[in-house]
Amino acid sequence: MSLDWLIKIISNNWPMFLRGAGVTLYVSIIGTILGSLIGLMVGVIRTIPVPERGLKKILLKIINIILSVYIEFFRGTPMIVQAMVIYYGSAQAFHIDMNKSVAAIFIVSINTGAYMSEIVRGGIVSIDKGQFEAAAAIGMNHIKTMLHVVLPQVIRNILPATGNEFVINIKDTSVLNVIAVSELFFQTKSVAGNNFRYFESFAVACVLYFIMTFTVTRILRAIERKLDGPDNYIMMGNQMQV
């Protein structure tokens, strides 16, 4: 690697690198947020107790089958293939001309939602059954139990996994170059093609990816510590009453 070429590439092309990194962060942040909301919704629906008989049982079974197909399909196929099918396939089959940025966010969101739904479902199942029984005993339905009792605990428990999905999305946005989204990998490929210096160009991209993922990881760990609260604290009103 030539240090002179590295400095020259950075000095001449830093706006392209920053623009690509900005698009990568934008798609990753929006996609992770929307995907987490999809995962929460799907996870809550899939944990609704199924009655023994009646129309509600049939309806819930149909919904669960549809959601299971969605989860298995998007977890079982590569994002790069999903991008090709959704962007180019929808244009060819249904004449839908999607905006590239909208398509990128949509692809990342539904892909993340499939993974997050299983993470959320696992978090809900891990909550002690006694809490569900206590909520039912005071008249709470499933939705109220989720909103006021279960989800606050689940969100804290799945925060590390959510952060992991965020980091994965930052890296996996590189596959969106197949639909010409101008994220970091796409911009780096353009820079390398102009200079024919692939090693130096992608070395810069590696550093930028690392900075983004490292920063996100540290921020999420700080949020986790904030949610955990102090290790040592004195509860109010714990004095012995006489």
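A residue counts as buried when its relative accessible area is under 20%. In this predicted model, Asn-177 has a relative accessible area of 15%, so Asn-177 is buried. The residue sits in a loop, the one that runs between α6 (142-172) and α7 (184-195). Leaving aside residues up to four places away in sequence, the neighbours that Asn-177 touches are Glu-183, Phe-185, Phe-186 and Lys-189.

The largest pocket has a volume of about 460 Å³. Its lining is made by 22 residues, and those closest to the centre are Thr-32, Ile-33, Thr-162, Phe-166 and Leu-220. Sorted by class, the lining holds 17 nonpolar and five polar residues, with no charged ones.

The aromatic rings complete the picture. Six aromatic pairs turn up in a search of the whole structure. In one of them, Tyr-198 and Phe-202 have ring centres 6.5 Å apart and planes at 5 degrees; planes under 30 degrees apart count as stacked, so this pair is stacked. Both residues belong to helix α8, where they are four residues apart, or about one turn of the helix. Tyr-198 has a relative accessible area of 44% and is therefore partly exposed, and Phe-202, at 23% relative accessibility, also counts as partly exposed. Elsewhere, Tyr-70, Phe-73 and Phe-74 are linked into a cluster by ring pairs.

Conventions. Residues are numbered from 1 along each chain as its sequence is written. This is a predicted model: local features need pLDDT of at least 70, side-chain atom pairs count only at pLDDT 80 or more; totals for chains, interfaces and linings use all residues. Side-chain values use heavy atoms; hydrogens and water are left out. Helices (H or I, at least four residues) and strands (E, at least two) are DSSP runs, numbered from the N terminus. Buried means under 20% relative accessible area, exposed over 50%, partly exposed in between (1.4 Å probe, protein chains only). Contact means heavy atoms within 4.5 Å. On a 1 Å grid over the protein atoms alone, a cavity is a set of points where a 1.4 Å probe fits but cannot get out, and a pocket is an open set with protein on both sides within 12 Å along at least five of seven lines; lining residues have an atom within 4 Å of a point. Grid points are joined across faces, edges and corners, and a volume is the space filled by probe spheres set on the points. Ala, Val, Leu, Ile, Met, Phe, Trp, Tyr, Cys and Pro count as nonpolar, Asp, Glu, Lys and Arg as charged, and the others, Gly among them, as polar. Rings of Phe, Tyr and Trp (its six-membered ring) pair if their centres lie within 6.5 Å; planes under 30 degrees apart count as stacked, over 60 as edge-to-face and the rest as tilted.
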